[in-house]
Amino acid sequence: MNPLVRGCVAVAVAALALGTAAPAAGIEPPSVPAEPEVPPNPPPMPDQAWVQREACVLPGVLPAPPVADLPPAQAMLDVGRAHQFSTGRGVKVAVIDTGVAPNPRLPRLVAGGDYVESAPADAGGLTDCDMHGTLVASVIGGTPSPEDQFVGVAPDSEIISIRQSSTRYRPERPAQVEGQTPAQVETAGRLDALAAAVVRAAEMGAKVINMSVVACIPVAHPVNQDRLGVALRYAAVVKDVVLVAAAGNIGAGSENCQANPGFDPLSPDDHRNWGHVVSVSTPSWFSDYVISVGAVDQNGAAPQDANASKFSMPGPWVDLAAPGSDVVALGPDGRAINALPGRDGLVNIFGTSFSSAYVAGTAALVRSKFPELSAAQVRQRLTATAHAGPRGLDNVVGHGLVDPVAALTYDLVPTERQMREPHREELVIAPPPPAPDRRPLWAGLGIAAVIAAAAAAGVRLVSRRSS
C-alpha cells in the first residue's frame, strides 16, 4: 500500500437505503516519503481529451447584499484598514482553479497553464467557463473602482492563473481502471493535475498558492495521492510557498463531502479526532503543509444548522476560517456581482472556496510586509492572530477567524523558519552488515590441513613398511 494512504483502508458499512449513516472509520494523517525526488515540471497539458458538455456559467446580481455597498466580508475583516499596512505588492499568488477570465480589475493577471484544454503558453489558464476561478481571483487581487466599494484583499498582488479542472467539461473517452469506479479514476486524474499545477506555480515564483478545488474521498475508498503529497511538500518546504485550500462544502455536488465529527471525549489523545474521519477533503488533509480554511457567516458564526455557513465541511485538518456566505466578487467584465445560477434561478455566492481566497489574500499581505518571514512563519502568524472560537482549536473553524489587521500589526515572538513535518516518513538507513568473522573458518582450514598432512604422512609410512 502506498505511504500516503496508509491507514486509509478501514472497515466501513454502507448506509442503508433509508439513509442511515455509515459507522465512522478512522484514518491517520497522510505522510510523504522521507526523501522524495524533485517532482517533474513538464509544460501544462490535459491528461486526456476533455469535451465541453454544458454551457458556460454567467454570474448575476440579486438585491442583497447590495453590490454597490461595502461588501460584508470586507467590513468583517476590516480590509480597508489592513491596506494601510500592506496591499500585497510584489507577491505572486497562484490561483489553481477553473481558470480566470481577464478583466480590467485584474491588471496583474498572468497565464500559468491549462490542464483542461491545450492552450498557448501566454493564454493557458485565462479561460473560465465555470465562473469560479475568476471570482476567487477577484477576492484575492481585485482592484478598486469608483462604481462600487469592492476591493480584493491584496489588490497589488500578481495573480497567476492555472486552470486545473472544470465542471463543464467531461472526458471524451473516460479511462477505465480495473477495480475502480469511473469517479475514482477521474478523481485520481484531477489530483495528478493538481500536483502538476502546484509544482508549476511554485516554479513560476508564486509565494502563495490558493487551491479552492476540493476532492472529497471516502475513507473506505481511498485514492492514490502520492504525486500530490510530494508536490505539496516540494512547494511548501523546498520552494517556501504558503499553501491555502478550501475545507470543502458538505454535499456540494458530491455525496462524498460529509461532515466529520469534532472532539471525542472518549479519545482524549486524539485531539482533532482523526480516528473518526469518514470523508477526506484533499488537498486540505495534508495539514503539515496546507492551511485549510472553513467558512463563517456574516456574523462570524461557525457552521451549524441555524446559520448560513452550515455547508462548511469540518475536519481535523481545518486551520482557519473566513467569510463564506453572501460573497461579493467581480464578474468577467469587472463589475461587482453577488449571485450565480442555481437550480431555480440566481442564488447568492457562498462556499469555502471564497473563505480560502480571503486567507490567501491575507497571506499575500503578510508576505509583502514581512518578506523575511518563511512560509512556516507566515502560517504561524495567521493562526496566532486569529479570533478563536468558544471551544478554542476545533475541527470547524480551526484556530479561528482570520484577522488581516492583527496579522500585519501584532508583535509576535519569532518562530522556527522550517515547516514542521510530524507525519513525514523517517529515513531509516540500515547500517552495513558487519564483516563476517573468518577466524573459525581459517582455524577449521588449518585443522583440516594438519589432518590432511598427517594422513599423507601416514600413507607414506605404510608404503615404506610394505615395500
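Colleague: How many bridges join E8 to E10?

Modeller: Happy to start there: this is a predicted model, in which local features need pLDDT of at least 70, side-chain atom pairs count only at pLDDT 80 or more, and totals for chains, interfaces and linings use all residues. Strands (E, at least two residues) and helices (H or I, at least four) are DSSP runs numbered from the N terminus, and two strands pair if DSSP finds at least two bridges between them. E8 and E10 run parallel, and the number of bridges joining them is four.

Colleague: Which residue in E10 is the bridge partner of Leu243?

Modeller: E8 also runs parallel to strand E6 (residues 208-211), with four bridges joining the two; there, Met211 is partnered with Ala245 of E8. In E10, the bridge partner of Leu243 is Val290.

Colleague: How many residues of strand E8 (residues 242-246) are buried?

Modeller: Buried means under 20% relative accessible area, exposed over 50%, and partly exposed in between (1.4 Å probe, protein chains only). In a regular strand the side chains alternate between the two faces of the sheet. Here both faces of E8 are covered, with Val242, Val244 and Ala246 buried on one side and Leu243 and Ala245 on the other. The count for E8 is five of five.

Colleague: How many aromatic pairs does a search of the whole structure find?

Modeller: Rings of Phe, Tyr and Trp (its six-membered ring) pair if their centres lie within 6.5 Å; planes under 30 degrees apart count as stacked, over 60 as edge-to-face and the rest as tilted. The search of the whole structure gives three.

Colleague: Which kind of pair do the rings of Trp285 and Phe286 form?

Modeller: Their centres are 5.6 Å apart. Their planes meet at 65°, so the pair is edge-to-face.

Colleague: What is the relative accessible area of Phe286?

Modeller: Trp285 is buried, at 0% relative accessibility. Phe286 is buried too, and its relative accessible area is 2%.

Colleague: How many residues apart in sequence are the parts that Phe311 and Phe350 tie together?

Modeller: Phe311 and Phe350 make a tilted aromatic pair, 4.9 Å centre to centre with 55° between the planes. Phe311 lies in the loop between strand E10 (290-296) and strand E11 (318-323), and Phe350 in the loop between strand E15 (345-348) and helix H6 (352-369), so the separation in sequence is 39 residues.

Definitions and conventions
Residues are numbered from 1 along each chain as its sequence is written. Side-chain values use heavy atoms; hydrogens and water are left out.
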